[in-house]
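I opened the model and kept notes as I went. The entries follow in the order of looking.

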There are 4 protein chains.
Amino acid sequence: MPFRKIINDPVYGFITIDDELINQVIAHPYFQRLRRIGQMAMANLVYPGAVHSRLHHALGAYHLMGIALNELKNKGTNITAAEEQAAKMAILLHDIGHGPFSHALEHELVESMHHEDLSLMIIHELNKQFNGQLNLALDIFTDQYHKKFLYQLISGQLDVDRMDYLTRDSFFTGVNEGVIGYDRILKMLIVNNGDLMVEEKSIYSIEKFLVARRLMYWQVYLHKTVLCAEQMLKRIIKRAKFVKASTQLPLHNFITKPIQTVTLEEFCTLDDYDVMAAIKGWCNHEDKILSFLCNGLINRQLLKVRYFGNPVDDNLVQEKLAEAGIKLNLNMDEASWLVFTGEVSSSTYNPDDEHIHILFKDGHVKDISEVDNALINQNLMGKVKKYYICYLR
Amino acid sequence: MPFRKIINDPVYGFITIDDELINQVIAHPYFQRLRRIGQMAMANLVYPGAVHSRLHHALGAYHLMGIALNELKNKGTNITAAEEQAAKMAILLHDIGHGPFSHALEHELVESMHHEDLSLMIIHELNKQFNGQLNLALDIFTDQYHKKFLYQLISGQLDVDRMDYLTRDSFFTGVNEGVIGYDRILKMLIVNNGDLMVEEKSIYSIEKFLVARRLMYWQVYLHKTVLCAEQMLKRIIKRAKFVKASTQLPLHNFITKPIQTVTLEEFCTLDDYDVMAAIKGWCNHEDKILSFLCNGLINRQLLKVRYFGNPVDDNLVQEKLAEAGIKLNLNMDEASWLVFTGEVSSSTYNPDDEHIHILFKDGHVKDISEVDNALINQNLMGKVKKYYICYLR
Amino acid sequence: MPFRKIINDPVYGFITIDDELINQVIAHPYFQRLRRIGQMAMANLVYPGAVHSRLHHALGAYHLMGIALNELKNKGTNITAAEEQAAKMAILLHDIGHGPFSHALEHELVESMHHEDLSLMIIHELNKQFNGQLNLALDIFTDQYHKKFLYQLISGQLDVDRMDYLTRDSFFTGVNEGVIGYDRILKMLIVNNGDLMVEEKSIYSIEKFLVARRLMYWQVYLHKTVLCAEQMLKRIIKRAKFVKASTQLPLHNFITKPIQTVTLEEFCTLDDYDVMAAIKGWCNHEDKILSFLCNGLINRQLLKVRYFGNPVDDNLVQEKLAEAGIKLNLNMDEASWLVFTGEVSSSTYNPDDEHIHILFKDGHVKDISEVDNALINQNLMGKVKKYYICYLR
Amino acid sequence: MPFRKIINDPVYGFITIDDELINQVIAHPYFQRLRRIGQMAMANLVYPGAVHSRLHHALGAYHLMGIALNELKNKGTNITAAEEQAAKMAILLHDIGHGPFSHALEHELVESMHHEDLSLMIIHELNKQFNGQLNLALDIFTDQYHKKFLYQLISGQLDVDRMDYLTRDSFFTGVNEGVIGYDRILKMLIVNNGDLMVEEKSIYSIEKFLVARRLMYWQVYLHKTVLCAEQMLKRIIKRAKFVKASTQLPLHNFITKPIQTVTLEEFCTLDDYDVMAAIKGWCNHEDKILSFLCNGLINRQLLKVRYFGNPVDDNLVQEKLAEAGIKLNLNMDEASWLVFTGEVSSSTYNPDDEHIHILFKDGHVKDISEVDNALINQNLMGKVKKYYICYLR
């Protein structure tokens with residue numbers, strides 16, 4: 001009997017693993033590490049169900065890739081067994097470079113590196129360990145393979161990555177409005193002149209998908225409480241580095257040593273548990289800024305946060321800094337660790353760097369923002385920026 | 001033990017009837033008739049699950065009314081037991097004036113009357129039979145009651161009628177993209193200065209609700225095949241009147257007599273079964289236009305239909321008329337029963353006649369189209385019109 | 001591009017039709033007729049959502065067949081493209097012989113014939129019209145094909161027919177307890193020595209499936225109100241025949257002529273609409289038994305019904321007969337049309353005529369009732385019988 | 001406006017907090033700690049979605065308590081506002097005594113104490129901090145309050161604790177067969193002579209509930225891989241104590257000191273993060289048993305496990321011990337840490353210590369195992385025991 005394993009998934013029912021190499025990669029400690037990295041960092045402080053792991057997301061995206069490839073094959077696109085395995089492998093590993101708390105700490109622990117770069121380094125390492133069997137997956141992952149649509153399925157406007165994370169995150173948060181018709185969109189995918197696009201009759205589903213993403217950004221990912229908690233988390237790491245707070249190995253090295261001296265091997269053992277355990281330890285740290293932030297995060301006694309449509313009034317900042325100084329007996333420098341501003345942005349559809357192409361029955365192609373009566377028009381195209389201030393309660 | 005009945009509903013789980021008068025009205029033959037009237041007319045020809053009844057929708061809207069009133073009471077709005085019963089009664093009966101195939105035949109069987117007028121007449125009749133116990137429900141239904149928000153819950157931008165039909169229709173069609181966060185919107189309802197509005201933090205849910213409605217209109221209610229089947233249905237009734245086709249009583253009177261001579265009592269016995277049975281009978285009618293249309297509808301051999309962004313080119317119409325004439329040996333007059341054009345329209349949000357007001361935390365109120373970075377902006381505000389032609393395959 | 005059509009289904013998401021012959025059979029008026037036959041007869045009087053059609057069930061079972069065959073192929077069972085098409089065709093048509101109100105009138109309109117016999121006759125007729133392309137489907141449907149598991153998928157303890165109807169009926173009634181893990185069971189199917197069985201690790205799912213079926217029988221299919229309404233429906237037809245009540249053709253022939261003189265063609269035009277329209281007409285019939293029953297059914301003013309664990313006490317029957325006689329001024333013969341008893345039964349698992357075989361990892365096979373700590377043991381194996389009486393309120 | 005907070009829950013939609021005291025207790029660090037304790041310990045190694053927290057379960061049970069009390073009040077049971085608050089408080093805190101990895105480590109970290117005892121101690125402590133406002137909750141929690149049904153809702157055959165955990169665990173694992181009709185059961189609850197029971201028409205739902213629980217036990221909670229991982233976890237703690245492995249405070253004290261010297265305060269800071277961080281640290285511990293177990297758990301390279309219907313054959317144990325000794329160069333004593341046997345048991349319904357009473361319409365009461373044609377009969381009443389062995393791959 002051929003190799004075959006099924007995994008229960010509350011989102012899709014069952015995920016089937018029917019390839020031995022993929023099964024071996026899943027079993028590898030580097031991949032298993034993703035089990036201990038939350039997909040949504042601090043979102044669970046607002047949405048208690050949002051505790052699913054990045055491993056779960058990776059499996060989900062892998063599942064959708066299988067469906068997508070099947071649909072394309074059924075529509076006559078030629079995809080070989082090797083390409084199928086490689087595309088599934090590439091999506092399985094697309095996030096393997098994420099460190100503790102994913103995006104929230106992406107640039108704090110390992111400065112100046114995107115998780116995609118780390119993913120690539122780790123896939124290369126795995127490829128070595130698996131004797132080059134991931135070569136084709138690497139070609140696809142780095143967009144060097146001639147069948148461009150395979151890359152577009154991994155990273156593009158309609159990639160299975162965002163289809164899974166929107167579906168999965170709305171499922172686990174319970175924000176039903178974030179639900180997208182991923183199954184319908186997958187059925188509408190089509191390859192035209194080598195490019196991934198969607199059939200005409202999916203226009204409304206695609207518009208809905210963009211609106212759902214917009215909603216998920218503002219209602220969930222950038223929810224002010226979530227934002228605040230993640231800012232506190234960032235500042236904890238920053239402050240720990242600043243005061244050279246000691247903690248367990250291997251996190252210790254990331255906090256106290258120049259990043260160049262840390263190995264990929266060390267990175268691959270890090271996960272949420274190290275960071276949280278460190279934070280729990282620092283609750284009693286002698287540096288009062290650090291311990292204040294750590295206690296706040298652990299006990300969900302967060303800073304107060306407000307959003308504005310315009311940059312935060314400097315008078316407000318000064319006022320809050322002064323208040324903090326008095327309340328906790330801090331100088332201005334110290335207070336600025338607890339009272340700070342920033343900005344966030346999100347775009348519903350930005351035709352400068354993204355394109356969703358609609359293939360009409362008569363063969364012509366239009367951008368989703370150019371169809372008749374498009375929902376996605378001028379007003380929605382730029383980025384929406386919001387400005388925030390966090391300060392002491 | 002107080003009166004209490006529960007009804008299984010796949011959409012909401014359970015619907016509870018805990019008022020004897022409401023139970024009696026539900027048991028009345030006029031209400032039970034709604035069991036035999038499909039909520040979505042011919043939509044099941046495209047979406048086979050869309051066979052739910054108007055009775056089911058009425059019960060669903062009644063259920064949501066209960067939740068809405070509860071939420072408002074929890075927020076401090078004063079609503080008496082009598083008002084609660086009356087508001088629930090009014091929504092329960094809001095569609096009782098629908099005849100066979102609801103909107104699809106609304107102006108064919110009983111010309112020049114909206115179903116709302118018929119609903120009102122029937123509620124008056126029921127009020128007589130129930131000795132005036134529906135007086136307050138009538139006041140609310142006709143917007144004569146001083147607590148305006150009760151009427152707004154029945155008929156307004158955020159009424160429980162459309163919240164139920166969007167939810168229910170997307171459920172039974174399986175068009176998941178039509179799902180709205182009805183539960184979240186209900187939790188966000190609030191009465192401010194006597195008007196129904198929603199809290200600030202529901203903005204994204206409301207935008208999503210409007211986009212979902214837009215999608216349901218174009219993807220489901222005005223799906224070209226559904227539109228075509230419903231046009232055929234209308235033309236069957238028109239043609240039957242034209243050729244004075246006989247059928248069973250009481251439908252017979254509606255087909256053959258001046259509408260003034262037909263009684264409300266007779267109307268209240270009509271349902272989908274009369275019309276479909278008549279159509280089945282007319283499949284063998286000697287008038288070939290009538291039998292052609294009837295056979296087409298019964299056997300799902302529909303006319304061909306195309307949508308255009310602009311009015312249909314008259315040359316195309318002439319061409320199709322000529323083709324039909326030859327295929328079925330018809331003169332132009334006859335052919336025009338089978339080859340015809342029309343237009344449909346739908347608006348996502350039309351601030352001329354509709355308003356969704358957002359209540360901000362600081363007490364000010366804004367229209368949903370005027371909030372920062374509104375999704376619903378200029379481009380979405382007018383009506384979108386489409387033009388269609390139906391013709392012989 | 002290969003032929004491909006997708007249909008929205010609220011139960012499974014999408015049903016894909018990717019075979020032209022199957023598409024043509026679906027488009028045939030005989031199959032389209034199933035659109036007008038309710039899957040659950042009168043159950044909607046208790047469960048208002050239960051108005052789905054037999055066409056929908058047929059499509060659903062067809063969908064599950066596709067999944068089942070795919071799973072078996074993935075496990076190494078050899079199934080040719082022709083066999084796949086034929087098995088899907090056979091399940092698509094397995095219920096095509098159902099007449100109006102399915103089981104409820106199965107033996108009233110066409111006496112002494114099971115719907116399976118009629119299905120077979122109709123498939124033969126379709127096979128003629130499609131020039132023998134349904135030969136293999138017929139072989140499978142009649143269990144004459146050497147790959148026995150294909151027949152077992154259509155009619156057996158684990159056939160996709162009952163997997164769909166349990167899933168679909170619990171979905172539309174909203175009786176969540178009837179939900180079975182159809183997807184898990186399908187993943188566990190396996191062919192062993194030519195026989196369909198399930199893998200060891202599905203034992204609990206199978207037990208759950210049997211308990212869910214038991215629940216659906218007693219809570220839904222044999223719900224006392226449903227039973228009563230369906231008995232009234234039967235008696236209406238019986239009485240109509242008895243008094244030779246006239247109605248529209250072709251139902252007329254079934255009511256008034258010897259069954260031998262009625263043609264298959266005539267049967268294939270019958271549906272729920274004919275029967276309901278006739279019943280509506282008979283509401284004013286001069287025979288007071290007939291009109292009483294018809295009004296009761298139409299207005300949901302049903303007889304009263306009670307269940308007993310033992311045969312109904314004859315004294316009770318006599319008492320109720322007498323009461324009815326007085327209330328409606330009937331003689332005993334007439335009263336017995338409105339006051340009557342009967343019995344129903346259902347078995348959870350009956351090893352005399354059904355077998356679910358479990359294939360253990362070491363290759364041995366056991367009946368589900370013989371595994372360690374089986375839920376399905378002696379006590380559950382016989383039939384459970386209940387006795388009922390219906391009588392005037 | 002009255003106090004009111006809503007929390008998104010993927011299982012129930014929204015959970016409403018409308019009481020300030022309850023909100024304050026939820027905000028307390030002792031309760032927030034439950035956010036960092038997984039509800040299902042190691043089950044996520046098999047069911048990746050099963051990562052929900054005990055805080056989430058507590059909120060869910062609190063939500064169901066609200067529904068249950070509402071239903072009972074609607075049926076005429078007298079429940080005061082104070083009792084309602086107290087019953088909700090008691091269920092909210094019923095699991096607050098759980099330590100890291102809940103049941104899996106229940107008797108390892110704090111020997112000889114059940115989590116219920118610790119819950120009680122912590123509620124007493126909270127009662128102190130909240131100035132006696134939890135007195136009534138304590139009375140109910142300890143079954144000293146005269147309205148016994150309030151206690152039965154917290155701890156009994158039909159308590160909202162197990163209704164939530166079965167519902168929630170089946171939701172997050174994706175094991176749909178574990179779904180129970182919690183909403184139907186809640187609607188069927190009734191108080192009779194002061195005792196909580198269910199109405200007659202819920203019999204099938206209750207039977208289904210018991211079968212679903214049975215399934216969840218064997219398919220999920222006692223899944224052999226889950227069992228094995230949790231046994232490894234236990235042995236890691238045992239071994240760490242044995243070799244006095246050092247780790248971070250405050251876990252350190254639980255590992256290295258006599259349990260009497262540890263404070264409740266210290267216990268209340270422990271969570272899964274401490275244990276997992278410690279295990280990650282011990283991956284490089286010099287004790288090879290400890291490091292072997294730790295690496296196995298972290299990298300999901302588990303021991304092999306087999307279930308038997310009878311006690312494990314001693315020859316098999318000896319053989320596996322010998323194998324382990326050779327593979328890892330261990331003496332028998334050491335090998336017995338990696339090769340071991342045990343037993344687990346679960347009962348579907350055990351009338352010795354549990355009772356579900358059915359209230360019939362005529363007022364008499366029967367045990368669920370004594371109704372006509374009961375599913376729960378002799379065979380299902382005892383405990384089912386299984387025996388397992390874990391050993392090296």
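**Loop residues with positive phi**

I began with K244(C), which lies in the loop between α11 (224-242) and α12 (251-256) of chain C. Helices here are DSSP runs of H or I with at least four residues, strands are runs of E with at least two, and both are numbered from the N terminus. Phi of K244(C) is near 50°, a positive value in a residue other than glycine. Is K244(C) buried or exposed? K244(C) counts as exposed, because it has 10 C-beta neighbours inside 10 Å. I used these cut-offs: buried means 20 or more other C-beta atoms within 10 Å of the residue's own, exposed means 12 or fewer, and partly exposed is in between, with C-beta atoms placed from the backbone.

This is a predicted model, so I noted its limits: local features need pLDDT of at least 70, side-chain atom pairs count only at pLDDT 80 or more, and totals for chains, interfaces and linings use all residues. Residues are numbered from 1 along each chain as its sequence is written, while chains are lettered from A and ligands numbered from 1 in the order in which they are written.

I then looked up A41(A), in the loop between α2 and α3 of chain A. A41(A) is not glycine and has a positive phi, near 45°. A41(A) counts as buried, with 22 C-beta neighbours inside 10 Å.

**Cis peptide bonds**

I found a cis peptide bond from L249(A) to P250(A), with omega near -5°. P250(A) sits in the loop between α12 (224-242) and α13 (251-256) of chain A. In chain D, L249(D) and P250(D) are joined by a cis bond with omega about -5°.

**Helix α3 of chain B**

I checked the length of α3(B), residues 54-74. The expected span is 1.5 Å times one less than the number of residues. For the 21 residues of α3(B) that gives 30 Å, and the end C-alpha atoms are 30 Å apart, which agrees. Just after α3(B), G76(B) takes a positive phi of about 100°.

I placed W282(B) in helix α14 (residues 272-282) of chain B. W282(B) is buried, with 24 other C-beta atoms within 10 Å. Beyond four places in sequence, W282(B) is in contact (C-beta atoms, placed from the backbone, within 7 Å) with A240(B), A245(B), L290(B), S291(B) and C294(B). Its C-alpha is 8.8 Å from that of S246(B), 36 residues away along the chain.

Which residues touch the most other members of the largest nonpolar core? They are V198(A), V198(B), V198(C) and V198(D), in a core of 532 residues. A nonpolar core is a set of buried Ala, Val, Leu, Ile, Met, Phe, Trp, Tyr and Cys residues joined through C-beta atoms within 7 Å. Beyond four places in sequence, the contacts of V198(D) include L158(D), I185(D), I206(D) and I356(D).

**Domains of chain A**

I took the bounds from an automatic or database domain assignment: domain 1 is 5-221 and domain 2 is 224-344. Their C-alpha centres lie 30 Å apart. The contact takes 24 residues from domain 1 and 20 residues from domain 2. On the domain 1 side, α5 (106-109) and α6 (115-129) each give two or more residues, and α6(A) has the largest share, four residues.

**Chain A against chains C and D**

I superposed copies by least squares on C-alpha atoms of residues with pLDDT of at least 70 in both. Chain A goes onto chain C by a turn of 180° and a shift of 0.0 Å along the axis, with an RMSD of 0.0 Å. That is the relation of a two-fold axis. In chain A, the C-alpha nearest the axis belongs to Y12(A), 5.6 Å from it. Twelve residues of chain A are in contact with twelve residues of chain C. β2 (13-17) and α10 (182-188) of chain A each give two or more residues to that side.

Technical notes:
Contact = placed C-beta atoms within 7 Å.
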